[in-house]
Amino acid sequence: MSSNDVTLTTPDHSVSLPLVEGTQGPSCVDVAPLYRETGHFTFDPGFAATAACKSAITFIDGEKGVLLYRGYPIEQLAEKSRFLEVAYLLLEGELPTPAQMHTFEDKVTHHTMMHESVKNFLHGFHYDAHPMAMLCASVASLSAFYHDTNDNADPAQRKLAAIRLIAKMPTLAAAAYRYSIGWPIRYPRNNLEYVDRFLHMMFEVPSEPLELNPVAAKALDLLFILHADHEQNASTSTVRLVGSTGANPYASVAAGIAALWGPAHGGANEAVLKMLTEIGDAKNIGKAVARAKDKNSGFRLMGFGHRVYKNFDPRAKIIRGMAHEVLDELGVDDPLLDIAMKLEEVALKDDYFIEHKLYPNVDFYSGIIYKALKIPTSMFTVMFAIARTAGWISHWIEQHEMPGGRIGRPRQVYVGATPRAFVALDKR
Ligand code: SDX
């Protein structure tokens, strides 16, 4: 038994299990030998205390509100970087040199078009289809068009798929939006930077030129940075699980989009806006907080709580500060922001929220900014998906680069019927 082992004693066994240490964060007990040595599984629904992999991409300290992308604090990246540079950092592990940044940006710019046939898929949807449904379908369809990135073992093909996904996500997202409102789809303009190009595809109309707003572009770029990655969250874990089967990168990311859609995850930003709108007035906040504390209500304060952050979500702090600045600069006076600020104030003083360590998360304020940028509520989670694509595909590549990768296949505690004999229909 090495000094780095822990001993687990059961009624019938005593087994030493190695500790796995990372560069930061809690060490982990390697339970791989457990079943073989003791006949026991581990049980951890929701994986609250389970490390599913080793990763060098993002580090979170939930107690201290720390978020690092490849070792760089999110606060520094938010202040000094831009989304496409952060995407490079997540993918490559280092900040790019000017030459590397130019090459990366040029590659992304020249992979923004989508195959004309993808428009046919969009036309197969009703106009009122949720944009996340259209995005999920169109991203999954990409594997039908690109047969030159089907070999997951080829690093060059993995990287090309990453470039394509980061480049095309805004095009597919804007196309889904334009289809849902009956506007003609806009092609990406290579002379525009990543975020301006997206805003142009979203809002440019044939009847008049679009005046791009630098405040909107800066705010959106910052939101993309803050949403780019977040360790092994539900959608990233989904991408990794699908990727572990050998599925292609487009199908893996499409699975991540599906997972992100849920209101407990990326769908929360859309749910926050609906909740704030339903609250409607600061005088109703007390009732909403009381409902959220009532277990029988099934109601939760959307945008509050987090599996990992138990003091504050550093992203929420940054977005909260930005919300005022952006709305002031855009000359938007949104009463929902006032309600959000008041709701946060009331909730953070409430014993229930203090005891349960429920603080505003990344989704609480982001929707207010998206709304100020005239992005419709149904597109909020799509915005999250555009940004998180950089993280998803970085994790997908990392898992293919890590030696010894195996298909993910959790076990269970079986609570069903014990063996019994079949009874013929006429005997039942
Ligand atoms: C994201 O994982 C990530 O990193 C995700 C994310 C990322 O960048 O990828 O950060 C993005 O998904 C942010 C979270 C967005 N979701 C929401 O805002 C939805 C509302 N919040 C929750 O449903 C909840 O807080 C979760 C899903 C975020 C976290 O769920 P957990 O960790 O499983 O916590 P839980 O559901 O077990 O709740 C613990 C307790 C419960 O009470 P008890 O049964 O212990 O008495 O806290 C209560 C819950 O009822 N609780 C809430 C609450 N969230 C938890 N009560 C009221 N309102 C809430 N929002």
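In which strand does Pro-18 lie? In this predicted model, Pro-18 belongs to strand β2 (residues 14–20), where helices (H or I, at least four residues) and strands (E, at least two) are DSSP runs numbered from the N terminus. Residues are numbered from 1 along each chain as its sequence is written, and side-chain values use heavy atoms, with hydrogens and water left out. Because the model is predicted, local features need pLDDT of at least 70 and side-chain atom pairs count only at pLDDT 80 or more, whereas totals for chains, interfaces and linings use all residues.

Pro-18 has a relative accessible area of 29% and is therefore partly exposed; buried denotes under 20% relative accessible area, exposed over 50%, and partly exposed the range in between (1.4 Å probe, protein chains only). Although Pro-18 and Val-29 are separated by 11 residues in sequence, their C-alpha atoms are 6.1 Å apart in space. With residues up to four places away in sequence not counted, Pro-18 touches Asn-4, Asp-5, Cys-28, Val-29 and Asp-30, contact being defined as heavy atoms within 4.5 Å.

The shell around the ligand holds 24 residues, of which His-230, His-306, Arg-307, Arg-315 and Arg-388 come nearest; a residue is near a molecule or strand if one of its heavy atoms lies within 4 Å of it. By class, this shell comprises 10 nonpolar, eight polar and six charged residues. In this classification Ala, Val, Leu, Ile, Met, Phe, Trp, Tyr, Cys and Pro count as nonpolar, Asp, Glu, Lys and Arg as charged, and the others, Gly among them, as polar. An N or O atom in the side chain of Lys-295 is 3.3 Å from an oxygen atom of the ligand, and a polar side-chain atom of His-356 lies 3.1 Å from a ligand oxygen atom. For Tyr-352, an N or O atom of the side chain is 3.2 Å from a nitrogen atom of the ligand. The ligand taken alone exposes 1000 Å², and the protein buries 76% of that; accessible areas come from the Shrake-Rupley method with a 1.4 Å probe, and for residues only the protein chains shown count as cover.

Helix α8 (residues 194–203) is largely enclosed by the rest of the structure, because nine of its 10 residues are buried. These buried residues are Tyr-194, Val-195, Arg-197, Phe-198, Leu-199, His-200, Met-201, Met-202 and Phe-203. Their cover includes α3 (83–92), α4 (98–109), α7 (155–180), α9 (214–227) and α18. Helix α12 (residues 268–279) is likewise mostly covered, with nine of its 12 residues buried. Among them are Ala-268, Asn-269, Glu-270 and Ile-279. The buried residues of α12 pack against α13 (285–293), α15 (335–349), α17 (362–372) and α18 (380–401). From its first C-alpha to its last, α12 reaches 16 Å, close to the 16 Å expected at 1.5 Å a residue; the expected span is 1.5 Å times one less than the number of residues.

Thr-149, in the loop between α6 (131–141) and α7, counts as buried because its relative accessibility is 2%. The side chain of Thr-149 makes a polar contact with the side chain of Tyr-250 at 2.7 Å and reaches the backbone oxygen of Tyr-146 at 3.5 Å. A polar contact is a pair of N or O atoms within 3.5 Å; within protein, one must be able to donate a hydrogen and the other to accept it, and residues adjacent in sequence count only if both atoms are side-chain atoms. Ser-244 is found in the loop between α10 (234–243) and α11 (249–260) and is buried, with a relative accessible area of 19%. A polar atom of the Ser-244 side chain lies 2.6 Å from the backbone oxygen of Leu-241. Excluding residues up to four places away in sequence, Ser-244 touches Gln-399, Arg-406, Ile-407 and Gly-408.

Positive phi values also occur at residues other than glycine. Phi of Phe-47 is near 55°; this residue is in the loop between α1 (34–38) and β4 (58–61) and is exposed, with a relative accessible area of 53%. Lys-357 has a phi near 55°, is placed in the loop between α16 (351–355) and α17, and is partly exposed at a relative accessible area of 38%.
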